Amino acid sequence: QDLCYGLDAAKQFAVGNMALSMFQNVLPSSPEMKNYVHEFVRELIAHEIGHTLGLRHNFHGSAMLKPEDLNNTALTQKNGLVASVMDYNPVNLAPQGTKQGDFFTSVIGPYDEWAIAYGYTPIKSVIPQAETRTLDKIAQRAPEPALAYATDEDVSAFLDPQVNAFDLSSDLLTYTQWQMDNAREMWKKVDRRYPSQGESFNEVRVAFDAVFDYYFQYSQFLTEYVGGQFFNRYRYGDAKGRLPFEPVPLAQQRQALTMLQKNVFSEETFRFSPEFLNKLAPSRWSHWGTEPSSNLDYPIHDNILFLQSMVLFDLLSYDRLSRLRDAELKTASKGKG
């Protein structure tokens, strides 16, 4: 699991690096690229130090801000891009036509401060009951939106669309479309710019696959809206009128399906030029730590079919169909139609 996080975090870093180069013409030796590297390393170090202090993952932390606030540095550099550095946070790429803000959070989030307060606040008491009262007072802040918490057991349930590794924003439907649009623009630029003069055509294939993985990542988030339920860990009485499970609104479920039809299952989505596809040559270098691809030609149909199959498998999984059936009993009826 730790290995997977390391690999996926590296992929996020690589996509952000490509975006800087292709969207802003930033050179590897520039101050902008140096600052980008420092942003990534600071967040990574903060995450690991959080573990040394006893904090678990919080996969709800990335859902703190609305999409339109993610690139407002006056807000993010004061309160954080995310509620917790203990999430697996992705690179934040602004939509086309929008000024880029922070790529990674520059400060620890409100959840992190709250969790540390619970674990490390000095309590001058001689009996356990007095200590418990102080801790209960801190814990009663749990319903505050920025303190929402969901850890490893929650993310593996694939129930709550706001609880994922490497997602971002409180409105993942909007943010996902932004990132899919970014990916399409990156493919266009890869086609025009790669390979560099005198470089291998494998450079094109590596860049193409990096963008494909990024696209695949966001397409998978959409399935969790279908039959999904928002889940919280509040204790009874802490949040009036709130229950542990709250069904995802039907309009959002339908929007997710519409987006999947448009971005994953439409034949127009993956129309690449013959010239582009014929650039995707493999590396034949075999050495420690790397193996050449078994395919000389690029298996474009197989890769697209894999993406579509994984999304369809999730949509038609037993758990998701069961949740759709149960939703009729868990959702208040508002009349026919």
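I started with Q220, which I found in helix 8. The model is a predicted one, and I keep that in mind for every value below. I then took the distance from Q220 to T174: the two are 46 residues apart in sequence, and their C-alpha atoms are 14 Å apart in space.

**Q96**

Next I looked up Q96, which sits in the loop between helix 3 and helix 4. Its relative accessible area is 41%, so I logged Q96 as partly exposed. Which residues does Q96 touch, leaving out those up to four places away in sequence? I listed F23, N182 and E185. I followed up on N182: Q96 and N182 are 86 residues apart in sequence, yet 6.8 Å apart from C-alpha to C-alpha. Their side chains make a polar contact at 2.9 Å.

**N92**

I stayed in that part of the chain and turned to N92, which is in the loop between helix 3 (73-79) and helix 4 (110-120). Is N92 buried or exposed? The relative accessible area of N92 is 0%, so N92 is buried. For the side chain of N92 I noted a polar contact with the side chain of N71, at 3.1 Å. Not counting residues up to four places away in sequence, N92 touches L70, N71, L81, Q100, D102, F103, L168 and Y175.

**Backbone**

I then went through the backbone angles. Most residues other than glycine have a negative phi, and most peptide bonds are trans.

- The peptide bond from Y194 to P195 is cis, with omega near -5 degrees. P195 lies in the loop between helix 7 (172-193) and helix 8 (202-222).
- F158 has a positive phi, near 50 degrees, and is not a glycine. F158 is in the loop between helix 6 (152-155) and helix 7; at 46% relative accessibility it counts as partly exposed.
- F166 also has a positive phi, near 65 degrees. F166 lies in the loop between helix 6 and helix 7, and with a relative accessible area of 7% it is buried.

**Whole chain**

The C-alpha atoms fill a box of roughly 75 × 55 × 40 Å along the principal axes. For 337 residues a compact globule would have a radius of gyration near 20 Å, and the 22 Å of the protein agrees with that.

Of the 337 residues, 44% count as buried. The protein exposes about 18,900 Å², with carbon and sulfur atoms supplying 57% of it. Among contacts between residues at least 6 apart in sequence, 74% join residues at least 24 apart. For charge, I recorded 32 positive and 41 negative side chains, with the centres of the two sets 6 Å apart.

Conventions. Residues are numbered from 1 along each chain as its sequence is written. This is a predicted model: local features need pLDDT of at least 70, side-chain atom pairs count only at pLDDT 80 or more; totals for chains, interfaces and linings use all residues. Side-chain values use heavy atoms; hydrogens and water are left out. The radius of gyration is taken over C-alpha atoms; the globule rule is 2.2 Å times the number of residues to the power 0.38. Buried means under 20% relative accessible area, exposed over 50%, partly exposed in between (1.4 Å probe, protein chains only). Contact means heavy atoms within 4.5 Å. Accessible areas come from the Shrake-Rupley method with a 1.4 Å probe; for residues, only the protein chains shown count as cover. Lys and Arg count as positive and Asp and Glu as negative; His and the chain ends are not counted. The place of a charge is taken as NZ of Lys, CZ of Arg, CG of Asp or CD of Glu. Helices (H or I, at least four residues) and strands (E, at least two) are DSSP runs, numbered from the N terminus. A polar contact is a pair of N or O atoms within 3.5 Å; within protein, one must be able to donate a hydrogen and the other to accept it, and residues adjacent in sequence count only if both atoms are side-chain atoms.
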